[in-house]
Amino acid sequence: MLNTYPFLLDKLPYPYDVLEPAIDKATLEIHHDKHHLTYINNLNKALEENIYLQPMVLEELLDSDIPMIKNNAGGVWNHDFFWMGMIGSGRGMEDTLRVEIERNFGSVEEFTKIFEATALGRFGSGWAWLVQNSNGGLEVMSTANQDNPLSLGFTPLLALDVWEHSYYLKYQNRRVDYVKAWWGIVNWEAVESLMK
Ligand code: MN
């Protein structure tokens, strides 16, 4: 996508029904066509009123001290990233990533447990992330609302949206079922390509 104002909604990199049954078509349509678009429209609107910020790239806008710009820039970046981290028929993780995960978390099972606990422990709206720290180590973290690990000095590798809008239609209050089903549509190839 274009990385400066005016921001545009990219098409999803796959058909709306390809992530089923983990994420159903109706949820994905609303999530992308309505929620993601709203972040883009609100960011453009805020930038219309702050002309001097228009040359800034999206990553710079994540750290804006204007809440309307910071929050909506996060909404745009996070959703673009979320879509890329999923795939309809992906493969499992390759050895390079598996070894790194084992080195940092002990085992894939332990990593899975920590990530799930982080996603379920996020009170209210936000995200769970697998990130790389400045030493190259892997960490799991959570951010509130549309905050982004880049602002904290981490490189995002994988994101899970745990706002209710990402699962409520199918799972209602069962965030745990959504999180567990989501593992089946993770695009590990994309995660591996982001590792430094
Ligand atoms: Mn969302």
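Helices (H or I, at least four residues) and strands (E, at least two) are DSSP runs, numbered from the N terminus. This is a predicted model, in which local features need pLDDT of at least 70, side-chain atom pairs count only at pLDDT 80 or more, and totals for chains, interfaces and linings use all residues. Residues are numbered from 1 along each chain as its sequence is written, and side-chain values use heavy atoms, with hydrogens and water left out.

Start with the sheet. It is open, has 3 strands in the order β2-β1-β3, and its pairing is antiparallel. Strands β2 (138-144) and β3 stand at the edges, each with a single partner strand, so one side of each has no neighbour in the sheet. From one strand to the next, the twist averages 25 degrees. Two strands pair if DSSP finds at least two bridges between them.

Take the pairing of β1 and β2. These two strands run antiparallel over 7 bridges. W127 has T143 in β2 as its bridge partner. The β1-β2 hairpin has 5 residues between the strands, and there G136 takes a positive phi near 90 degrees.

Now turn to the other pairing. Strand β1 (residues 126-132) and β3 are antiparallel over 6 bridges. L130 stands opposite L158 in β3. V131 stands opposite P156 in β3. In a regular strand the side chains alternate between the two faces of the sheet.

How many of the residues of strand β3 (residues 155-161) are buried? The count is 7 of the 7, so β3 is largely enclosed by the rest of the structure. Buried means under 20% relative accessible area, with exposed over 50% and partly exposed in between (1.4 Å probe, protein chains only).

Next come the helices. Helix α5 packs on the sheet and touches β1, β2 and β3. Its direction makes about 10 degrees with that of β2. Contact means heavy atoms within 4.5 Å. Axes are lines fitted to C-alpha atoms, for helices over the stretch in contact, and angles run from 0 to 180 degrees between N-to-C directions.

Two packed helices are described by the angle between their axes and the distance between the axes. Helix α4 (residues 95-105) and helix α5 (residues 108-121) pack at about 70 degrees, with axes 8 Å apart. That makes α4 roughly perpendicular to α5. Angles of 65 to 115 degrees count as roughly perpendicular, under 35 as roughly parallel, over 145 as roughly antiparallel and the rest as oblique. The crossing of α4 past α5 is left-handed. Left-handed means that the near helix is turned anticlockwise from the far one by less than a right angle, and right-handed means clockwise. R98, I101, E102 and F105 in α4 meet V108, E110, F111 and I114 in α5. By class, this contact has 5 nonpolar, no polar and 3 charged residues. Ala, Val, Leu, Ile, Met, Phe, Trp, Tyr, Cys and Pro count as nonpolar, Asp, Glu, Lys and Arg as charged, and the others, Gly among them, as polar.

Helix α5 also meets α7. Their axes come within 10 Å and cross at roughly 145 degrees. The crossing of α5 past α7 is right-handed. F115, E116, A119 and L120 in α5 meet R175, V176, V179, K180 and W182 in α7. The α5-α7 contact has 6 nonpolar, no polar and 3 charged residues.

Finish at V179, in helix α7 (residues 175-182). Is V179 buried or exposed? At 1% relative accessibility, V179 counts as buried. Leaving out residues up to four places away in sequence, V179 touches E116, A119, L120 and L160.
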